[in-house]
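Me: Hi! I have a new model open and would like to talk it through with you. Could you start with the pockets and then go on to the helices?

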Amino acid sequence: MTVALPLPAPDLCNAMVARRFARKVTQVYDDALGEHGLTIGQFGILGNLRRATPIGVGALAERLSSDASTLSRLLKPLAAAGLISIGRDADDGRAKAIRLTDAGRERVLAAKEAWTTAQRHMAERLGSERLAALRFILNDAYTLL
């Protein structure tokens, strides 16, 4: 005989609470960046490529705390839009190297003000002290898991 255990309330599940908050934050940034045809994930990729290009998929995934398969799916529309190029790594012909194109550089710079608007919105809604505390707690918790 199996006994059904009661499920915890959704507001007690750490994963549910974190995912709900993450979706809300993503929506704020996606709404702001939408006029530039970017999501916050794509903006983050382009911004990272401004600092280090060319870079391999694995190295970029690690920098973004992502996995390579998820990152590969995010790269396809950026490549189709001509914002990045994906070619062979000069040192290892089997590996892919991602480069930011001039169009990608222009798009991320043009979208920076929209990102700043989303940042301001978060600070206004949550308050700068609460937002700083939230960032501290999330960064600290990330290192512990």
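**Pocket and helices**

Reply: Happy to. The largest pocket has a volume of about 1,800 Å³. Its lining counts 38 residues, and those closest to the centre are A22, V25, T26, I40 and L64. One thing to keep in mind is that this is a predicted model.

Me: Which helices each supply at least two residues of that lining?

Reply: Helix 1, helix 2, helix 4 (68-80), helix 5 and helix 6 each do. The largest share comes from helix 2, with nine residues.

Me: OK, on to helix 5. What span should its 25 residues have, and what does the model give?

Reply: At 1.5 Å a residue, helix 5 (residues 102-126) should span 36 Å, and its end C-alpha atoms are 36 Å apart, so the two agree.

Me: And where does helix 5 bend?

Reply: At K112, by about 35°.

Me: Which residues of helix 5 are buried?

Reply: G104, V108, A111, A114, A118 and M122 are buried there. The cover over these buried residues includes helix 1 (14-33), helix 2 (40-51), strand 3 (96-100) and helix 6 (128-144).

Me: What comes just after helix 5?

Reply: G127, which takes a positive phi of about 85°.

Me: Then helix 6. Does that one lie in the open or is it largely buried?

Reply: Helix 6 lies largely in the open, because the number of buried residues among its 17 is one. From first C-alpha to last, helix 6 reaches 24 Å, close to the 24 Å expected at 1.5 Å a residue.

Me: Switching to charges: how many salt bridges does the count come to?

Reply: The count is one salt bridge. It joins the side chains of R120 and E113, at 3.2 Å from N to O. As background, side chains of opposite charge can pair when their charged atoms come close.

Me: How exposed is R120?

Reply: R120 is partly exposed, as its relative accessible area is 39%.

Me: Let's look at a loop residue. Where does H36 lie?

Reply: H36 sits in the loop between helix 1 and helix 2.

Me: Is H36 buried or exposed, and why?

Reply: H36 counts as buried because its relative accessibility is 18%, and the cut-off for buried is under 20%.

Me: Which residues does H36 touch?

Reply: Leaving out residues up to four places away in sequence, H36 touches R107, A110, A111 and A114.

Me: What about P10, where is that?

Reply: P10 is in the segment before helix 1. At 55% relative accessibility, P10 counts as exposed. Its contacts, again without residues up to four places away in sequence, are M16 and V17.

Me: How many residues separate P10 and H36 in sequence, and how many Å in space?

Reply: They are 26 residues apart in sequence and 35 Å apart in space, C-alpha to C-alpha.

Me: Last one: what is the phi of S65?

Reply: Phi of S65 is near 55°, a positive value in a residue other than glycine. S65 is in the loop between helix 3 (57-63) and helix 4.

Key
Residues are numbered from 1 along each chain as its sequence is written. This is a predicted model: local features need pLDDT of at least 70, side-chain atom pairs count only at pLDDT 80 or more; totals for chains, interfaces and linings use all residues. Side-chain values use heavy atoms; hydrogens and water are left out. Helices (H or I, at least four residues) and strands (E, at least two) are DSSP runs, numbered from the N terminus. The expected span of a helix is 1.5 Å times one less than its number of residues. The bend at a residue is the angle between axes fitted to the seven residues ending there and the seven starting there. Buried means under 20% relative accessible area, exposed over 50%, partly exposed in between (1.4 Å probe, protein chains only). Contact means heavy atoms within 4.5 Å. A salt bridge is a side-chain nitrogen of Lys or Arg within 4 Å of a carboxyl oxygen of Asp or Glu. On a 1 Å grid over the protein atoms alone, a cavity is a set of points where a 1.4 Å probe fits but cannot get out, and a pocket is an open set with protein on both sides within 12 Å along at least five of seven lines; lining residues have an atom within 4 Å of a point. Grid points are joined across faces, edges and corners, and a volume is the space filled by probe spheres set on the points.
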